[in-house]
Amino acid sequence: VQLQASGGGMVQTGGTLSLSCAASGRSTRVGHMAWYRQAPGKQRELVATISEGGQTNYADSVKGRFTVSRDDAKNAMYLQMNSLQVEDTAVYLCNADIWRPGFQTYRAFWGQGTQVTVSS
């Protein structure tokens, strides 16, 4: 099983970016999913979560600007980021609970991270 994140880049303040995260592997089932971010010299921060049923939660710093969604047919999660600010600059990582045949229970996997840079 692999978790692949993509879609980062560089934008100016007020710009938009969209991130994607997809789980690969046969007969894979994805449960709870989340986006985290880590800026240089700072602790990893939870940005947004989405449950298997589609319930979402956001960090206060991104509420109203970021939207997390998922497509279970593709085992994928997305993060639409609007009104980006310099403070949003970080490596964004996706996390997902994944089950596949042979697993006793869901296991947590991390994607490799994608860089988002917002310039003033």
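Modeller: Start with tyrosine 36, which is partly exposed at a relative accessible area of 22%; buried means under 20%, exposed over 50%, and partly exposed in between, with a 1.4 Å probe and protein chains only. The model is predicted, so local features need pLDDT of at least 70 and side-chain atom pairs count only at pLDDT 80 or more, while totals for chains, interfaces and linings use all residues. Residues are numbered from 1 along each chain as its sequence is written, and side-chain values use heavy atoms, with hydrogens and water left out.

Tryptophan 110 also counts as partly exposed, with 40% relative accessibility. A pair of aromatic rings is described by the distance of the centres and the angle of the planes. Rings of Phe, Tyr and Trp (its six-membered ring) pair if their centres lie within 6.5 Å; planes under 30 degrees apart are stacked, over 60 edge-to-face, and the rest tilted. This rule gives 2 aromatic pairs. In one of them, tyrosine 36 and tryptophan 110 have ring centres 5.0 Å apart and planes at 55°, so the pair is tilted. Tyrosine 36 belongs to strand E4 (residues 29–38) and tryptophan 110 to strand E10 (residues 107–110), so this pair links distant parts of the chain, 74 residues apart. Strands (E, at least two residues) and helices (H or I, at least four) are DSSP runs, numbered from the N terminus.

Phenylalanine 103 and phenylalanine 109 also form an aromatic pair; their planes are 15° apart and their centres 6.3 Å apart, and the pair is stacked. Phenylalanine 103 is buried, at 15% relative accessibility.

Charged groups come next. A charge sits over a ring if NZ of Lys or CZ of Arg is within 6 Å of the ring centre and within 35 degrees of the ring normal. Arginine 107 lies over the face of phenylalanine 103, 3.8 Å from the ring centre. The charged end of arginine 44 sits over the ring of tryptophan 110, at 4.7 Å from its centre.

A nonpolar core is a set of buried Ala, Val, Leu, Ile, Met, Phe, Trp, Tyr and Cys residues joined through side-chain atoms within 4.5 Å. The largest such core has 31 residues, of which Trp35, Leu79, Met81 and Tyr92 touch the most other members. Two or more residues of this core come from each of strand E1 (2–6), strand E3 (17–24), E4, strand E5 (45–50), strand E7 (66–71), strand E8 (76–81), strand E9 (90–99) and strand E11 (114–119). The most come from E9, which gives 5 residues. Contact means heavy atoms within 4.5 Å. Residues up to four places away in sequence aside, methionine 81 touches Gly15, Thr16, Leu17, Leu19, Arg65, Phe66, Tyr92 and Val116.

Strand E5 also holds threonine 49, which is buried at 11% relative accessibility. Its contacts, apart from neighbours within four places in sequence, are His32, Met33, Ala34, Gln55, Thr56, Asn57 and Val68.

There is 1 disulfide, a disulfide being a pair of cysteine sulfur atoms within 2.5 Å. The sulfur atoms of cysteine 21 and cysteine 94 are 2.2 Å apart, and the link is right-handed, with 70° about the S-S bond. Cysteine 21 is in strand E3 and cysteine 94 in strand E9, so the pair ties together parts 73 residues apart in sequence. Both cysteine 21 and cysteine 94 are buried.

Asparagine 75, in the loop between E7 and E8, has a positive phi near 50° although not a glycine, and is buried at 16% relative accessible area. Serine 83, in the loop between E8 and E9, has a positive phi of about 50° and is not a glycine either; serine 83 is partly exposed at 39%.

Finally, the whole chain: it has 11 strands and 0 helices. Its radius of gyration, taken over C-alpha atoms, is 14 Å, close to the 14 Å that the globule rule gives for 120 residues, so the chain is as compact as a globular protein of that length; the globule rule is 2.2 Å times the number of residues to the power 0.38. Of the 120 residues, 39% are buried. Among contacts with a separation of 6 or more, 54% join residues 24 or more positions apart.
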